[in-house]
Amino acid sequence: MPREKKKLLHIPQGTEGFYLEEAFVHRRLRETLLDLFHLWGYLPVQTPVFDFFDTYRNLLDAEATEKIYRLIDREGDLLMLRSDNTLFMAKQMGLALTWEDLPVRVCYADSILRHQDREDISHNEFFQVGAELIGKDGLNGDLEVLMLMMATIRHLRLPQAVLHLGSHAFYTACFAAGRLSVADQQRVYTAIYNRAFPTAAEILKAAGYNGEEIRLMSRLFGFIGTIAEFSVLEKEAVGTKLLSSACREALAYLAEVGAQLKRLEVESRVRIDLSEIGGQPYYTGLVFQVYMPGMDTAVASGGRYNRLLGFFGFDAPSCGFSLLLRKVQEKIGSPERFKPEHGGVNIRKKDFVAAYREAEELRAAGRIVTLQDLK
Amino acid sequence: MSSTLTIALPKGRLLTRIITCFKEAGIQVAFAERELVCLDKKNKLKFLLVKNNDLTTYVHHGIAGLGICGEDRIIESGYRFYKLHEFPFGSTRICLAGCPSVEGEKEEPRLKVATKFPRFTQNFFLKRGIPVEMIKLEGSVELAPVLGLAPYIVDLVETGSTLKAHGLEILEELADIKVVLISNPAYYKLEYQDIDHLVHKLGKQP
């Protein structure tokens, strides 16, 4: 193969290009989702493709830092490419909003750029659509975001998608105060996130937790079940009196979210999962992920991040979600809805001006018209 | 059980013991000659036979939702899995080994190590603040010190007899390695009831 051709075929990891019908479908999906968000009162926000790395350095964990692309501008400042729309949006909104503006509803549909290992290209994490509700705390804010995400999934006709709801607040209430060192908190967090409960139990035991407490923690953080099953567990856990009031409040809150989702008749696609404690370090409350058969990772995720905007000088409570659109594009139901219309008109005339005039009349009537050469 | 679970099994030395273990749990694993896929219809389990080195890749991509391998493969893959069950066989250790005469050289500012496990080795020594130069080998790692490629090796050690036969000895045990049942996290989230049922069955063995 010629050297130049080889060069052209080499594509950097973490990028993709697509074209013709696939690109058309993608654009239409993006547009219809933004239209859906608009029906809920959400307006688009456009974030920059890159920004100063230092601005976000403390909000990125080791894994996220490893995956971002960094570059140096002409002044020698270190920049990072947009790897997460929520982070970049938070900075923009944090700088632009005033208290009078709140609550603000924003949405986005944009590419993200982050490194993926050679073996990981099937993850297709190239494009996020999402929505963020800024300045509305509490149950109604969380429910609005959850139901908008459910509406997004319904719009894409992904009936097998299952929402797993957890609570970063419950994890914080259990472990952030007192008995564990900061390093041990991080180790317990990792153990729960990986459902490595024997490891978590060892750390807790070494920190002085007794057997009864460790068994309860393993049982709670290991729980995955329906809203009804969680309701039983929650009552039982609160009854043991081993939990602090903050822990009990976090569990009661989750049970209340579950009860409302039941009233909204979406409970069959919901699981309460206390090992969901948030994949991003900025989450503070309710967290969630959406899983689908045949997908190697979650296709959507989100949660409450009440302190993230404060990091950028505007301490407004917020909640949001994002969906990896390219990841689900192959799985959407009735995909013909988003495909280009066939059956357009071909005009074949020798005289271009005559052909153009005829085509314009038809286009004005909403027809798709292509000018063809007369053979 | 409602859906068929897919489990990747490693070709090679662990396979017979894994099959025995499943048999004791009432699960039939029987690959026909040259076949790489088999089914236990009763238990709704589908088994894939894959190369040990590829197993984590299949599970990571969800082609097989579950897999059985040594923890060394998990560490080396760098992927995130749930470890659901430890099997009572195949345990081993990852060790730093070398000729007895070179032990003092460990104090040198830069270790030169031959290994099949570059990711593990790099992470282990960097955590200790020791710079390490690695030479990646695919097999017979114990030859490296003998032939002068590198004074040290990092490798799996079961009994130590292979090391001894080459005039090497264990300088330090770096990690215990178990044979484990792993799951792709997203797969587990969707199939947790069936998977927990399988884990319970495996855990009940004598």
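**Entry 1: the contact between chains A and B**

I looked up which residues bring the two chains of this predicted model together. On one side, 15 residues of chain A take part, and they are in contact with 12 residues of chain B. I then sorted the chain A side by class: seven of its residues are nonpolar, five are polar and three are charged.

**Entry 2: chain A as a whole**

I recorded the secondary structure of chain A as 14 helices and 14 strands. Its C-alpha trace spans about 90 × 55 × 50 Å along the principal axes. I also checked burial, and found that 35% of the 375 residues in chain A are buried. For the contacts of chain A between residues at least 6 apart in sequence, I noted that 70% join residues at least 24 apart.

**Entry 3: the domains of chain B**

I turned to the domain assignment of chain B, which lists two parts. Domain 1 is made of two segments, 5-90 and 178-203, while domain 2 covers 92-177. I took the separation of their C-alpha centres, which is 29 Å. Eight residues from domain 1 of chain B and eight residues from domain 2 of chain B form the contact between them. I asked which element supplies the largest share of the domain 1 side. It is helix α3 (residues 71-77) of chain B, with four residues. By class, I found one nonpolar, three polar and four charged residues on this side of domain 1 of chain B.

**Entry 4: the six-stranded sheet of chain B**

I traced an open sheet of six strands in chain B and wrote down its order as β2-β3-β1-β4-β11-β5, with mixed pairing. The edge positions belong to β2 (37-40) and β5 (82-86) of chain B; each has a single partner strand, so one side of each is left without a neighbour in the sheet. Ignoring direction, I noted that neighbouring strands of this sheet are turned by 30° against each other on average.

I then examined one pair within the sheet. Strand β1 (residues 5-10) and strand β4 (residues 66-70) of chain B pair in the parallel sense, over two bridges. At residue level, I found that B:I7 has B:L66 in β4(B) as its bridge partner.

**Entry 5: the helix across the sheet**

Last, I asked which strands helix α7 (residues 185-203) of chain B lies across. They are β1, β4, β5 and β11 (179-183) of chain B. Against β5(B), I recorded that helix α7 of chain B runs at about 5°.

Key. Residues numbered from 1 in each chain as written. Chains lettered and ligands numbered in written order. Predicted model: local features only at pLDDT ≥ 70, side-chain atom pairs only at ≥ 80, totals over all residues. Buried ≥ 20, exposed ≤ 12 C-beta atoms within 10 Å, placed from the backbone. Contact = placed C-beta atoms within 7 Å. Nonpolar A, V, L, I, M, F, W, Y, C, P; charged D, E, K, R; others polar. Domains from an automatic or database assignment. Pairing = 2+ DSSP bridges. Axes fitted to C-alpha atoms, helices over the stretch in contact; angles between N-to-C directions.
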